[in-house]
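Here are some exercises to work through with the viewer open.

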Amino acid sequence: MSVTTRMPAIRILACAAAALALLAGCSSKNDSGATKAADAVTVKDQWAKAADSGMSAAFGELDNSGDKAVAVVAASSPAAKAVELHEVVAAADGSKTMRPKAGGFAIPAHGSIKLAPGGEHIMFMGLTGPLRTGSDTPVTLTFDDGSTKTFTAQVRDFSGNQENYSPEHGG
(Lines give C-alpha, C1' and ligand atoms only; values in the text may rest on other atoms or scores of the structure.)
Protein backbone atom coordinates (compact mmCIF):
# COMPACT_ATOMS: atom_id res chain seq x y z
CA MET A 1 0.00 0.00 0.00
CA SER A 2 1.44 3.38 -0.95
CA VAL A 3 1.55 6.43 1.31
CA THR A 4 -1.25 8.08 -0.68
CA THR A 5 -3.63 5.13 -0.19
CA ARG A 6 -2.84 4.81 3.54
CA MET A 7 -3.64 8.46 4.35
CA PRO A 8 -7.46 8.15 3.91
CA ALA A 9 -7.48 5.00 6.07
CA ILE A 10 -5.46 6.75 8.79
CA ARG A 11 -7.83 9.73 8.69
CA ILE A 12 -10.87 7.44 9.01
CA LEU A 13 -9.30 5.65 11.98
CA ALA A 14 -8.41 8.97 13.63
CA CYS A 15 -11.97 10.27 13.18
CA ALA A 16 -13.42 7.05 14.59
CA ALA A 17 -11.11 7.25 17.63
CA ALA A 18 -12.10 10.88 18.21
CA ALA A 19 -15.81 10.02 17.99
CA LEU A 20 -15.39 7.21 20.53
CA ALA A 21 -13.54 9.54 22.90
CA LEU A 22 -16.34 12.09 22.64
CA LEU A 23 -18.98 9.45 23.34
CA ALA A 24 -17.06 8.21 26.38
CA GLY A 25 -16.91 11.78 27.70
CA CYS A 26 -20.70 12.03 27.47
CA SER A 27 -21.27 8.85 29.46
CA SER A 28 -23.61 8.86 32.46
CA LYS A 29 -21.17 6.63 34.33
CA ASN A 30 -18.67 7.82 36.93
CA ASP A 31 -15.02 6.69 37.04
CA SER A 32 -15.94 3.40 38.75
CA GLY A 33 -18.40 2.54 35.97
CA ALA A 34 -21.48 3.11 38.14
CA THR A 35 -24.33 5.38 37.05
CA LYS A 36 -24.27 8.86 38.61
CA ALA A 37 -27.03 9.53 41.13
CA ALA A 38 -28.09 12.66 39.23
CA ASP A 39 -28.71 10.55 36.11
CA ALA A 40 -30.82 8.01 38.01
CA VAL A 41 -33.07 10.59 39.71
CA THR A 42 -35.93 12.44 38.06
CA VAL A 43 -37.91 15.28 39.62
CA LYS A 44 -41.63 15.69 38.96
CA ASP A 45 -44.53 17.79 40.23
CA GLN A 46 -42.02 20.34 41.53
CA TRP A 47 -43.12 23.71 42.90
CA ALA A 48 -42.07 26.43 45.33
CA LYS A 49 -44.16 28.45 47.78
CA ALA A 50 -44.75 32.11 46.84
CA ALA A 51 -43.28 34.60 49.33
CA ASP A 52 -42.32 38.26 49.36
CA SER A 53 -39.29 37.86 51.65
CA GLY A 54 -37.80 35.75 54.42
CA MET A 55 -38.24 32.01 53.93
CA SER A 56 -39.95 29.75 51.42
CA ALA A 57 -39.71 26.10 50.37
CA ALA A 58 -39.67 23.82 47.34
CA PHE A 59 -41.51 20.52 46.98
CA GLY A 60 -41.98 17.68 44.49
CA GLU A 61 -41.31 14.01 43.97
CA LEU A 62 -37.85 12.49 43.52
CA ASP A 63 -37.80 9.16 41.65
CA ASN A 64 -34.71 6.92 41.63
CA SER A 65 -34.57 4.53 38.67
CA GLY A 66 -31.15 3.24 39.71
CA ASP A 67 -30.15 -0.08 41.23
CA LYS A 68 -28.80 1.49 44.42
CA ALA A 69 -30.10 3.95 46.98
CA VAL A 70 -28.91 7.53 46.66
CA ALA A 71 -29.08 10.55 48.93
CA VAL A 72 -29.63 14.24 48.29
CA VAL A 73 -27.10 15.86 50.64
CA ALA A 74 -27.43 19.54 49.70
CA ALA A 75 -29.38 21.99 47.56
CA SER A 76 -28.87 25.50 46.25
CA SER A 77 -30.88 28.15 44.42
CA PRO A 78 -30.29 31.73 43.35
CA ALA A 79 -33.66 32.46 45.01
CA ALA A 80 -32.10 32.29 48.51
CA LYS A 81 -28.93 33.14 50.38
CA ALA A 82 -28.98 29.67 51.96
CA VAL A 83 -30.84 26.48 51.11
CA GLU A 84 -31.29 23.61 53.58
CA LEU A 85 -32.81 20.13 53.44
CA HIS A 86 -35.56 20.01 56.10
CA GLU A 87 -37.95 17.66 57.81
CA VAL A 88 -40.96 18.34 60.04
CA VAL A 89 -41.28 16.35 63.27
CA ALA A 90 -44.10 16.26 65.82
CA ALA A 91 -43.38 17.05 69.48
CA ALA A 92 -45.03 15.27 72.41
CA ASP A 93 -47.50 18.16 72.76
CA GLY A 94 -48.59 17.76 69.12
CA SER A 95 -46.81 20.86 67.83
CA LYS A 96 -44.70 20.50 64.70
CA THR A 97 -41.10 21.60 64.40
CA MET A 98 -39.17 22.11 61.19
CA ARG A 99 -35.45 21.31 61.34
CA PRO A 100 -32.49 20.43 59.11
CA LYS A 101 -32.60 16.77 58.01
CA ALA A 102 -29.49 14.94 59.19
CA GLY A 103 -27.96 12.97 56.31
CA GLY A 104 -30.24 14.52 53.69
CA PHE A 105 -33.00 12.78 51.76
CA ALA A 106 -32.48 9.06 51.11
CA ILE A 107 -34.12 7.75 47.93
CA PRO A 108 -34.30 3.95 47.77
CA ALA A 109 -33.26 2.01 44.67
CA HIS A 110 -36.19 1.90 42.23
CA GLY A 111 -38.15 4.03 44.70
CA SER A 112 -39.21 7.59 45.35
CA ILE A 113 -39.72 10.16 48.06
CA LYS A 114 -42.21 12.98 48.19
CA LEU A 115 -41.15 16.44 49.33
CA ALA A 116 -44.32 18.02 50.71
CA PRO A 117 -45.56 20.75 53.04
CA GLY A 118 -45.54 19.36 56.58
CA GLY A 119 -42.85 16.80 55.69
CA GLU A 120 -39.44 16.71 54.04
CA HIS A 121 -38.78 19.76 51.86
CA ILE A 122 -36.12 22.09 50.45
CA MET A 123 -36.02 25.25 52.59
CA PHE A 124 -35.05 28.64 51.14
CA MET A 125 -33.53 30.84 53.86
CA GLY A 126 -33.13 34.57 53.26
CA LEU A 127 -34.84 35.06 49.91
CA THR A 128 -32.83 37.19 47.49
CA GLY A 129 -36.06 38.64 46.09
CA PRO A 130 -39.78 37.92 46.01
CA LEU A 131 -41.01 34.57 44.69
CA ARG A 132 -44.07 35.56 42.67
CA THR A 133 -46.90 33.20 41.73
CA GLY A 134 -46.48 31.94 38.17
CA SER A 135 -42.73 32.57 38.00
CA ASP A 136 -40.09 29.83 38.00
CA THR A 137 -36.97 29.33 40.09
CA PRO A 138 -34.07 26.92 39.53
CA VAL A 139 -33.02 24.49 42.28
CA THR A 140 -29.85 22.40 42.16
CA LEU A 141 -29.62 19.16 44.11
CA THR A 142 -26.26 17.68 45.14
CA PHE A 143 -26.09 13.92 45.65
CA ASP A 144 -23.86 11.80 47.89
CA ASP A 145 -21.65 10.87 44.91
CA GLY A 146 -21.01 14.57 44.14
CA SER A 147 -23.21 14.67 41.04
CA THR A 148 -25.79 17.44 40.64
CA LYS A 149 -29.18 17.89 39.01
CA THR A 150 -30.92 21.23 38.39
CA PHE A 151 -34.68 21.48 38.02
CA THR A 152 -37.09 24.39 37.69
CA ALA A 153 -39.86 24.85 40.25
CA GLN A 154 -42.97 26.85 39.43
CA VAL A 155 -43.94 29.30 42.18
CA ARG A 156 -47.45 28.78 43.60
CA ASP A 157 -49.62 30.27 46.35
CA PHE A 158 -49.82 28.11 49.48
CA SER A 159 -50.84 29.23 52.96
CA GLY A 160 -50.75 25.96 54.92
CA ASN A 161 -48.30 24.29 57.28
CA GLN A 162 -46.95 26.92 59.62
CA GLU A 163 -44.32 25.05 61.67
CA ASN A 164 -41.82 26.26 64.26
CA TYR A 165 -38.21 26.33 63.10
CA SER A 166 -35.56 24.59 65.19
CA PRO A 167 -32.14 25.03 63.52
CA GLU A 168 -30.20 23.41 66.38
CA HIS A 169 -31.50 19.92 65.50
CA GLY A 170 -30.58 17.72 62.59
CA GLY A 171 -26.81 18.12 62.61
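Throughout, a contact means heavy atoms within 4.5 Å. The model is a predicted one: local features need pLDDT of at least 70, side-chain atom pairs count only at pLDDT 80 or more, and totals for chains, interfaces and linings use all residues. Residues are numbered from 1 along each chain as its sequence is written, and side-chain values use heavy atoms, with hydrogens and water left out.

**Exercise 1. List what phenylalanine 143 touches, skipping residues up to four places away in sequence, and find its bridge partner in β3.**

Step 1: the contacts of phenylalanine 143 are Ala37, Ala38, Val41, Val70, Ala71, Val72, Val73, Thr148 and Lys149.

Step 2: look at the strands, which are DSSP runs (E, at least two residues; helices are H or I, at least four), numbered from the N terminus. β3 (residues 70-76) and β9 (residues 136-143) pair in the antiparallel sense over four bridges; pairing takes at least two DSSP bridges between two strands. Valine 72 is the residue bridged to phenylalanine 143 in β9.

Step 3: on its other pairing, β3 runs antiparallel to β6 with three bridges, and valine 70 sits opposite isoleucine 107 there.

**Exercise 2. Which members of the largest nonpolar core touch the most other members?**

Step 1: A nonpolar core is a set of buried Ala, Val, Leu, Ile, Met, Phe, Trp, Tyr and Cys residues joined through side-chain atoms within 4.5 Å. Buried is under 20% relative accessible area, exposed is over 50%, and partly exposed is in between (1.4 Å probe, protein chains only).

Step 2: the largest core has 30 residues, and the top ones are Leu62, Val72, Ile122, Phe124, Leu141 and Phe143.

Step 3: there's also a second, separate core of seven residues, including Phe59, Val88, Met98 and Met123.

Step 4: for background, nonpolar side chains tend to be buried together in soluble globular proteins. Here, 34% of the 171 residues count as buried.

**Exercise 3. Work out the surroundings of glutamate 120.**

Step 1: Glutamate 120 is in the loop between β7 (112-115) and β8 (121-127).

Step 2: collect contacts. Leaving out residues up to four places away in sequence, glutamate 120 touches His86, Glu87, Lys101, Phe105, Ile113, Lys114 and Leu115.

Step 3: check for polar contacts, meaning N or O pairs within 3.5 Å; within protein, one atom must be able to donate a hydrogen and the other to accept it, and residues adjacent in sequence count only if both atoms are side-chain atoms. The side chains of glutamate 120 and lysine 101 make one at 2.8 Å.

Step 4: compare sequence and space. Phenylalanine 59 is 61 residues away from glutamate 120 in sequence, with 8.3 Å between their C-alpha atoms.

**Exercise 4. Where do aspartate 45 and histidine 110 lie, and are they buried or exposed?**

Step 1: aspartate 45 has a phi near 55°, positive although the residue isn't glycine. Aspartate 45 belongs to strand β1 (residues 41-49) and is exposed, at 55% relative accessible area.

Step 2: histidine 110 also has a positive phi near 55°. Histidine 110 is in the loop between β6 (105-107) and β7, and counts as exposed at 57% relative accessibility.
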